[in-house]
Amino acid sequence: MASGGRTINVLNVAEKPSVAKAVAVILSRNQGLRVRDGRSRYNKIFEFDYAIRGQPCHMLMTSVTGHLMELDFEDRYRKWHSCDPADLYQAPVRKIVPEDKMDIKRTLDEEARRCQWLVLWLDCDREGENIAFEVIEVCRAVNHHLVLRRARFSALIDREIHQAVQNLVDPNQWFADAVDARQEIDLRIGASFTRFQTMLLQDRFCIDSATDDRNLVLSYGPCQFPTLGFIVERYWEIQAHEPEEFWTINFTHRSDEGIATFNWMRGHLFDYTCAVIIYEMCVQEPTATVTKVRQQEKLKYPPYPLSTIELEKRASRYFRMSSEQTMKVAEDLYQAGFISYPRTETDCFSVRTDLHAMVQEQQGHPVWGSYAQQLLDPGTGLWRNPSGGGHDDKAHPPIHPTKFSSGESRWSQDHHRLYELVVRHFLACVSQPAVGAETTVEIDVAGELFSASGRVILARNYLDVYRFESWGGSVIPSYAVGQQFIPTTLTLDSGVTRPPPLLSEADLLSCMDKAGIGTDATMHDHIKKLLDRFYATKDANTRFSPTNLGEALVMGYDDMGYELWKPNLRSTMEYDMKEVSIGNKSKAEVLANCLQQMKACFLDARVNKVKLLEAMAIFFERSNADEHHAAGEIVCQCGNCLESNMVLRKNRDGNFMVGCMAFPQCRNAVWLPGSVSEAIVTSNICNSCNPGPVYLIQFKFRRHEIPPGFDVNHLGCIGGCDETLRQLIEICGTGSRNPAGGRGATTTSNNVRQSDTRQRACIYCQQTGHLSGDCQSQFSGSRNAHSHGTNLQSGESSIPCTSCGTSCVLRTANTANNRGRKFYSCQSQECNFFLWEDDINNGTRGRSMPRGSASNPSRRGGRGRGGQTGGRGADTTFVSATGDPLSGRRCYVCGDPSHFANACPNRGT
DNA sequence: GCAAGGTC
């Protein structure tokens, strides 16, 4: 750059008004700084004189508010019915300045005309670089001779800003290109899929969540759908969870100093027999010997400096504030100058930050002021330079207080809370960690190891100011190695595994953060969008569940085999954007490649739209507008829930079924033969099936898929009286409902796949676990007769039951641990006698055990498992330390001798 | 009536 010469006019543009002001104040050193209004009421113009490398400059400093332009399709493609949505993959797009940004554009037009240079002070990230090119486009349009320069700065501090202006560089086209590509891909994918699925589903189904169907938009977006995917996936995981009973041994010891609870170092066992055997060993030799006493100092560190996502997560955890509300309130506090810029990824303070000055500001606060004073007093040793979490967006510092307040009268409760969180978090960051003394004691009882631990907090330090976190302390008696004692209680306790909880808002933010879905400034928007679109709901505990609509959409795409609802698509895009931003790939190359793939995916999805329709049909009634699928094909009342009707439907694989309308609450279903090509509910009522009316169905079978002798046309009944239908189901099966390629190739907890199997109910007794060919109700009239289930081979011989006097049948176990092993099991439902055949040969006596226990082979075949059961606390029971658990013959859940654990009414409460 | 990203 030339130095000296006449003064030139330099137009400086920042990304937001606050940065324009800060830069102007720093560069002008607050001397001779003038400010005037521009065309836009938010974006002032600052004027001052400055010399860049000796060149005298008259500086005009103004700002935009984020992006100045928007990408959209050209007019003729804007209307929804103007074109085939598939055309949106190549429809021309253009960047325009939207109406609400025109004032800013006018300011730039006017100021650029009289300037020789344009210096771009946009944030130093990819979006900032892209906005820089938008500003260039606007300014160059009115002044072709503008010299373009870019200021690079990583913080709004004097040295950085002066250095930046003295070392101006060129704008980075690669960074801007990466954003252009992202914008175009997002627009084309979002618009095409949104139009497609909205127009496909909106009028076909009665979607109850929308008050006005015309306003219902079923949007698709590369960020909103993966976010929904996280919610649905967790929901499915919970649905698929089958509680499993486990067993653990607990040991307590009371002395003059208090009580110690020793936990079994094996944790817990799912094998009841093993647990009982070990427990029995402990009962027989209950003396404990202390093998290890370990004392150590533990530190609990304060959190890292506050980034946006952490602020959102913590406000959700501590105050149950939604991320959207958090950002709204944080923006308010920022605008009023109380906290720093709230959209930041940075979680470490620059070494140049004057942290002491920030603490000093807080000394006068009535609540935490005294803590701030202690921090500043070197005598307390409370100060500690904060550690960082390793993230730095190079644009903004961590969120911290910028102005003292003991609370403003106009603040809402949320303003008070959020300001308090920001201040306390900041004070915690510059404090020493809490210090605790932990004692761990290990004991040996009959060769089994148990451990107990206690903690005494020696110094609370940062916990004194960070009231949102706690660190539990508990005291245990002191022990010495070699010391021996007898337990106060020694118990065999049962519990059941529990499903994971629904995703909380903090969990969801973590999932998004980890997968790179959205940015710190937009994550809360995506979450809100799911609620606005009726895709998900949030309960009082800030936990998210999918709505029927959300689940149906994800299920539909999943059934197509697409991962459009998973984060991979976005991750791949992000990877490509990175490649563009470092010059490894060109924008054109990435766009062409990505759009070609997405268009193919779109066209394929359209071919497979029946999957979406079927998934929706599981949850929603067809609307009258959908003439082809008129609603109201009621077959009979549901014999399972007794509340809803069973209706004829085509399932997701194109096969017919009769399912309860209350799905998914009631999963009663009758799967019809795969050889059925047509099925229509008639007005004829079956004369023999009860409870009535059961409407007959007119079936048409595919000729080549049924045996000779059967008619392709058949008026059938699903109520249980129809022998022809039963035979065809046995012969043809119930259609190819093979879920391969469907949900969750990545997960074993694929509930829908599992529920499909579970849903395969016997058409006669409506129970799952067996097919109609095995239904005992058709032979003996007794449902109890097959209670040992389908995983057991039938009995071969019998011996008298030594427990109740009836007989025991010899069976073969088919469980993972004992497959092929023979055992005798009492035929009586009231008796629980059970004996391994090889134990007879070994001279072991028979034993009674709860039928629900892990080692009892009857468990897996039976229908003993209820729904979701409670946690360990509710299930814990005690067997006296001197009692013999093997002769107890009583329920291990409640101790009642009249029944066993599998039949216990307290299970699941 | 569509996306996601800036910001007021």
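A polar contact here is a pair of N or O atoms within 3.5 Å; within protein, one must be able to donate a hydrogen and the other to accept it, and residues adjacent in sequence count only if both atoms are side-chain atoms. With that in hand, welcome to a predicted model in which 42 residues surround DNA strand B. This is a predicted model in which local features need pLDDT of at least 70 and side-chain atom pairs count only at pLDDT 80 or more, while totals for chains, interfaces and linings use all residues. Residues are numbered from 1 along each chain as its sequence is written, chains are lettered from A and ligands numbered from 1 in the order in which they are written, and side-chain values use heavy atoms, with hydrogens and water left out.

**Around DNA strand B**

- The closest of the 42 surrounding residues are T65, K101, C223, Y341 and H526; a residue is near a strand if one of its heavy atoms lies within 4 Å of it.
- Sugar and phosphate make up 64% of the atoms of DNA strand B that come within 4 Å of the protein.
- In the side chain of R182, an N or O atom is 3.3 Å from a sugar or linking oxygen of DNA strand B.
- Helix α5 gives the most, with 9 residues.
- By type, the surface near DNA strand B has 11 nonpolar, 17 polar and 14 charged residues; Ala, Val, Leu, Ile, Met, Phe, Trp, Tyr, Cys and Pro count as nonpolar, Asp, Glu, Lys and Arg as charged, and the others, Gly among them, as polar.

**The sheet of 7 strands**

- This open sheet runs β14-β11-β12-β13-β10-β9-β15 with antiparallel pairing; two strands pair if DSSP finds at least two bridges between them.
- At its edges are β14 (484-485) and β15 (489-496), each pairing on one side only.
- Strands β11 (residues 288-300) and β12 (residues 434-445) are antiparallel and share 12 bridges; A288 has V445 of β12 as its bridge partner, and K292 has E442.
- On its β14 side, β11 pairs over 2 bridges in the antiparallel sense, with T289 partnered by Q484.
- Helix α7 (residues 272-284) lies across β9 (245-255), β10 (258-264), β12, β13 (448-459) and β15, at about 170° to β15; axes are lines fitted to C-alpha atoms, for helices over the stretch in contact, and angles run from 0 to 180 degrees between N-to-C directions.

**The sheet of 3 strands**

- The order in this open, antiparallel sheet is β16-β18-β17.
- Strands β16 (503-504) and β17 (536-538) stand at the edges with a single partner strand each, so one side of each has no neighbour in the sheet.
- Helix α6 (residues 224-240) packs on this sheet and touches β16, β17 and β18, its direction making about 85° with that of β18; contact means heavy atoms within 4.5 Å.
- Between β17 and β18 (residues 543-546) there are 3 bridges, and A536 has P546 as its bridge partner in β18.

**A parallel pair**

- Strands β7 (residues 117-121) and β8 (residues 147-150) run parallel, joined by 4 bridges, and L118 stands opposite L148.
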